[in-house]
Every structure is written in structure tokens, then in C-alpha cells.
Amino acid sequence: IADRREGIGVCGWILISLSFLLVLITFPISVWACIKVIREYERAVVFRLGRILSKKAKGPGLILILPCTDTFIKVDLRTVTCNIPPQEILTKDAVTTQVDGVVYYRIYSAVSAVANVTDVHSATCLLAQTTLRNVLSTQSLAQLLAGREEIAHSIQAILSSATEQWGIKVARVEIKDVRIPVDMQRAMAAEAEAAREARAKIVAAEGEMNASKALKQASKVLAESPAGLQLRYLQTLTTLAGENNSTIVFPLPINTPGSFGQKNRGG
């Protein structure tokens, strides 16, 4: 916004001169009407005869204004929190969800915020709601649940580009909650449970396969050394005896009854 003091015309200069004259006549009482205090986090946009006085806002500290020709608007530069109310959204895979979020933004150009938009805070919040709906409607439910951070960054980039001419800097966008219908929650829980059961069966089958391979290798080792099988029997007896059992089982090889039968037939 250019400096337009040179375009106020003859009548404007006459009014400004009269205002200065009035201040001088009523001095020092008029000083209290001319001096304004602007806080550290505020800036003042001064209008003289309806025109912005300069390209840059005034403050912080003391500023001087003319009581009859000047007006000013204070602009707060602190970060503002805008809560996005729950928005009912139809995702890309036709699932109805309710999503709410929060936007953190601040005004970095007080002159643009005053001159370019009527209500900068209301406009930013409404734009955030619309942008949230537009972005989430292009995402599937799985993408929405798993990629909240990426979606938030995308919304932040769109808002920053749209509000730059308003003097707004969007600092952060967060998606707070995603509400899914109860029927959909039950279906997703059943699907997850079935997937877990399938994975458990696969793990159990792999364990059985590995165990069978290990037993096969062990049987080959015992077949090559019959004394090793006897040592295994004795180790098993030692384990059973150490548990204070009243019954002790003596293991016999499976082929022992058969060998006895062959000896009887031979005798």
C-alpha cells in the first residue's frame, strides 16, 4: 500500500493545519488526546483523513496522532489459536467420518490485515474449515488414519499460500480427532483380529516346520551314535527324579519289543 499523503488535496491540508492549530491552542491538555500507548505485541495502523498514513504500522511505544483527522486500529501480533469444529467428511473410499483440528497463526503485516480483509480472524478460520474438507475428501480412510502429519503439512501449505496477501503466517496445523461410525469400528476390529489370527497360524506353522527339521537332524545324529541315545535316556531319568515324582517312567526304544520278538522266533 503506497503512501498517499500527497493525494489528500487542498481541503485535506487545510483540515490538517486546523487540527495542528487546535492542538497548539489547547496545549498541554491536547497532549493527552494525541499520545497513545501501543504494547509490545501490538501495532497501530493510523488513518489520516481515511488514508493509511504510511506503509508500516506504528509501535510499540508512544505514537502521536491528530485528534480530529487521525484514527487508528490496533492489531494484535500474538499467535492465535483457531479451533476447527468437527467436519463431516466423505472420504475417497466412501466412508463418512468426522474430523476436527486446530490452526495456529499470527499476523505479520498489520497494514495488510487491516486493509485487505474485513475480519482477518473469521476469514482465516472459515478458510481452514473449507481447506480441511477439500483435502480430506481426496484421502482414503487408511491414508487419513496413518498419514495425519502429511495431511496437516499439506493443509498448512495451502493456508499459507492463500492467507499471505492478508498478512497472515500459518505456523502449524494439527488434526485432533477422527471419529468413525460404530459399525465401521466393529468391522475394522474384526478385520484386524482375523489378520492377527492368520499371522499367528503362519508363525505356528513355521515353528512346526523348524522343529521337524531340528528333530530330523537330531535323529540322524543319534542313529550314527547309539550310545548317545542311552545318554539321552539317562538325562531324562535325572530330570524326572529331580521333580520329586512318585512314579518314574523308564523309556524304552520303540524297536525293542520288535527285537525281542525276532529273537524268540529265532530260538
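A search of the whole structure, which is a predicted model, finds one cavity of 30 Å³ or more, a cavity being a set of points on a 1 Å grid over the protein atoms alone where a 1.4 Å probe fits but cannot get out. The largest cavity has a volume of about 30 Å³, where a volume is the space filled by probe spheres set on grid points that are joined across faces, edges and corners. Its lining, made up of residues with an atom within 4 Å of a point, consists of Ile84, Asp100, Gly101, Val102, Leu132, Ile155, Val173, Glu174 and Ile175. By class, six lining residues are nonpolar, one is polar and two are charged, with Ala, Val, Leu, Ile, Met, Phe, Trp, Tyr, Cys and Pro counted as nonpolar, Asp, Glu, Lys and Arg as charged, and the others, Gly among them, as polar.

Residues are numbered from 1 along each chain as its sequence is written, and side-chain values use heavy atoms, with hydrogens and water left out. Local features need pLDDT of at least 70 and side-chain atom pairs count only at pLDDT 80 or more, whereas totals for chains, interfaces and linings use all residues.

The chain holds nine helices and eight strands, taken as DSSP runs numbered from the N terminus (helices H or I, at least four residues; strands E, at least two). Of its 267 residues, 28% count as buried, that is, under 20% relative accessible area, as against over 50% for exposed and in between for partly exposed (1.4 Å probe, protein chains only). Among contacts (heavy atoms within 4.5 Å) with a separation of 6 or more, 67% join residues 24 or more positions apart.

An open sheet is formed by three strands in the order S3-S2-S5, with antiparallel pairing, where two strands pair if DSSP finds at least two bridges between them. Strands S3 (51-52) and S5 (70-76) lie at the edges, each pairing on one side only. Strand S2 (residues 42-48) is joined to S5 over seven antiparallel bridges, and phenylalanine 47 has threonine 71 of S5 as its bridge partner.

Helix H4 (residues 120-136) has 17 residues and should span 24 Å at 1.5 Å a residue, which agrees with the 24 Å between its end C-alpha atoms; the expected span is 1.5 Å times one less than the number of residues. The buried residues of H4, including Val120, Cys125 and Leu136, pack against strands S6 (80-90), S7 (96-107) and S8 (168-179), as well as helices H3 (110-115), H5 (141-146) and H6 (148-163).

Most residues other than glycine have a negative phi, and most peptide bonds are trans. Leucine 49, in the loop between S2 and S3, has a positive phi of about 55° and is partly exposed at 32% relative accessibility. Alanine 94, in the loop between S6 and S7, has a positive phi near 65° and is exposed, with a relative accessible area of 58%. The peptide bond from glycine 59 to proline 60 is cis, with omega near 0°, and proline 60 is found in the loop between S3 and strand S4 (61-64).

Methods: 1 Å grid on protein atoms, 1.4 Å probe; cavity = no way out; pocket = protein on both sides within 12 Å on 5 of 7 lines; lining within 4 Å.
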